[in-house]
Amino acid sequence: MTAEQMAEVLRNIARLLELKGENPFKIRAYTTGADVAENFSGDIVAKAKANDLGGIKGIGDALQQKLHELASTGKLEFYEKLKAEFGDGILELFEVQGLGAKKIAALFATLGVKSIADLRRVCESGEAAKLPGFGAKTAEKLLQGISFRESHAHEFRQEQVAPIVMGVLEMLRDHPDVSRVEVGGSYRRGKETVHDLDFLAASRRPKEVLEDFVHMPGVTQVLGHGETKASVVLDSGVQCDLRVVTNDEFACALVYFTGSKEHNIVLRSRALERGWSLNEYAFTPVANGNGKEPPKCMEEADVYRALDLEVVPPELRENTGEIEAAEEGRIPRLVELQNLRGCFHNHTVASDGAATLREMAEAAQEVGWQYLGIADHSKSSFQANGLNETRLAAQVEEIRKLNAEYEKEGFRIFAGSEVDILKDGALDFSDEVMAGLDYVVASVHNLFTLSEAEMTKRIIKAIENPYVTMLGHVTGRLLLSRPSYAVNIPEIIEAASANGTIIEINANPWRLDMDWRWWKMAKEKGVKCAINPDAHSTRGLQDVFFGARIARKGWLTREDVINCLPLGQVEQALRVKREGK
DNA sequence: GCCGTTTTCGGCCCGACTGTTTTCAGTCG
């Protein structure tokens, strides 16, 4: 049982209670409890087990008792009973865009809809459109929601698979028969979502390794189990494949299993040009080759060297120019997580965060950062308890006081705001108010259905405001959940370039926005990047891990990323745009 | 269901859009 799993149970209870038409405030109490459990700084699972949850705001008597039962037995009877009333499949209906509790309850009560499959049937048959409050357009939208969800089925975001990767790697590393191990595939290439996980191990006893692999904790299904490879499904639904090779084969196998397929095809054709064939195990001479001895490869670097290439970092292996760059010695030295000196775009309890200013600042210092930007929501984001001018001024005051305290430690909090971009591109705060801040992140939080032209114009207008330092989550997408709104990214990049506006990589694994595919273009136009965790808790700061991977995938170096600058230089950089120099 | 207190009940976050209606319910951020 993890904190995330406990939170998920509470969140599901809230949904089921909503279906029953329970008191909305009771429902909110469960949702709040879920947030608290997930963001708790400390071992909430251990506390729950020990029945030691007293005094945590948002977890009252009832939730304490339920979390204790859940943590100590792994089950919660209250939850099981609720699920039994509606069936297990009902919860997945909440994942369909445009479908909330009221509609689900109506579909359940009148048409017996209990799953996505049921929903599709009644939408296609026209039954759904006849329900009160429903219509033809509703049914059409729901079908679209289903197909969006389905086209992303069996895909997982980074934060869902990263802990699994760590766990499996650890298990294999500790195995007495394993000498080397790596994760390959799209995970290693740093893709924003993956559909399965590929592991590679070197061993002289593949049988023993595979035996332990298919019996590791969490395996619910063994899809295949042979002499050198096995494939399992974990309780999280993630498919994991393990391939075991010899130590001599490991390097070529790692290149092969890391891909991408397109990248590998180019490598193999380069091998043929040199008289060798390259497969997942080794280079071998071809029949009409030049007779040159095929190279022996112990490391990935040996494979690339044999092909007269610089080593290509896994993130770049998408056949989008990396081979040419490697041939000409132009592979950039990519930014690394350790290069970050701080970050911007973080929230506190003042808006919708879980930690106080001081807690966030101290967590940042623990990470080893020199600065932390605070950008709570602005007043138009009611749902997030956005700050008005008065509350913002009070926060700035508090930040100045804390800074006086932190100065001797060489740490600084930057006072900022995540200012809403309004419908016409105007900003939620006046220039005078923004001038009193150290920086501004401008973001879109509503009216997602504007036309591409309107949305682009709206965002560009914000970019042109001299007080807007950086643009937040440019497309508004939530990976595997909500597509981006319509917006013309090249025009946005052009405007950011012309105005010296920074574009963020929102490192929240649900967003990873702006997408890595655009960064090469942005970099060529001189646009700087900020890797921002959009943290809503102290733990959220760790999300820069995902952001740094995306920056690497976008070919960015430390020179391209503003928050690699040390404190003194970043202060200056923040002033550059507003002072027009 | 939680919180806080002018303690043991009363209040708990706001506004806009969509698609359904013909004044509003549901969903979303």
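## Domain contacts and local geometry in a predicted model

Between domain 2 and domain 3 the count is four salt bridges, a salt bridge being a side-chain nitrogen of Lys or Arg within 4 Å of a carboxyl oxygen of Asp or Glu. This is a predicted model, in which local features need pLDDT of at least 70 and side-chain atom pairs count only at pLDDT 80 or more, whereas totals for chains, interfaces and linings use all residues. Residues are numbered from 1 along each chain as its sequence is written, chains are lettered from A and ligands numbered from 1 in the order in which they are written, and side-chain values use heavy atoms, with hydrogens and water left out.

**The contact of domain 2 with domain 3**

The domain assignment of chain A gives domain 1 (3-151), domain 2 (156-247), domain 3 (260-327) and domain 4 (337-578), with bounds that come from an automatic or database domain assignment. Seven residues from domain 2 and 10 residues from domain 3 take part in the contact of these two domains, where contact means heavy atoms within 4.5 Å. The C-alpha centres of domain 2 and domain 3 are 25 Å apart, and the two domains bury about 750 Å² between them, 38% of it on carbon and sulfur atoms; buried area is the accessible area (1.4 Å probe) that two parts lose on being put together, summed over both.

R180 forms a salt bridge with E299, and their closest N and O atoms are 3.6 Å apart. Five residue pairs, both residues at pLDDT 80 or more, are in polar contact between domain 2 and domain 3. By class, the side of domain 2 that touches domain 3 has one nonpolar, one polar and five charged residues, with Asp, Glu, Lys and Arg counted as charged, Ala, Val, Leu, Ile, Met, Phe, Trp, Tyr, Cys and Pro as nonpolar, and the others, Gly among them, as polar. A polar contact is a pair of N or O atoms within 3.5 Å; within protein, one must be able to donate a hydrogen and the other to accept it, and residues adjacent in sequence count only if both atoms are side-chain atoms.

**Salt bridges in the whole structure**

A search of the whole structure finds 36 salt bridges. In one of them the side chains of R11 and D35 meet at 2.8 Å, N to O. R11 lies in helix 1 (residues 3-19) and D35 in helix 2 (residues 24-39), so this pair ties together parts that are 24 residues apart in sequence. Helices (H or I, at least four residues) and strands (E, at least two) are DSSP runs, numbered from the N terminus.

**Backbone geometry**

Most residues other than glycine have a negative phi, and most peptide bonds are trans.

| Cis peptide bond | Omega |
|---|---|
| G259 to S260 | near -5° |
| D513 to M514 | near 20° |

S260 is found in the loop between helix 12 (250-258) and helix 13 (261-273), and M514 in the loop between strand 15 (502-506) and helix 21 (519-524). N51, a residue other than glycine, has a positive phi near 55°, and its place is in the loop between helix 3 (44-49) and helix 4 (61-73).
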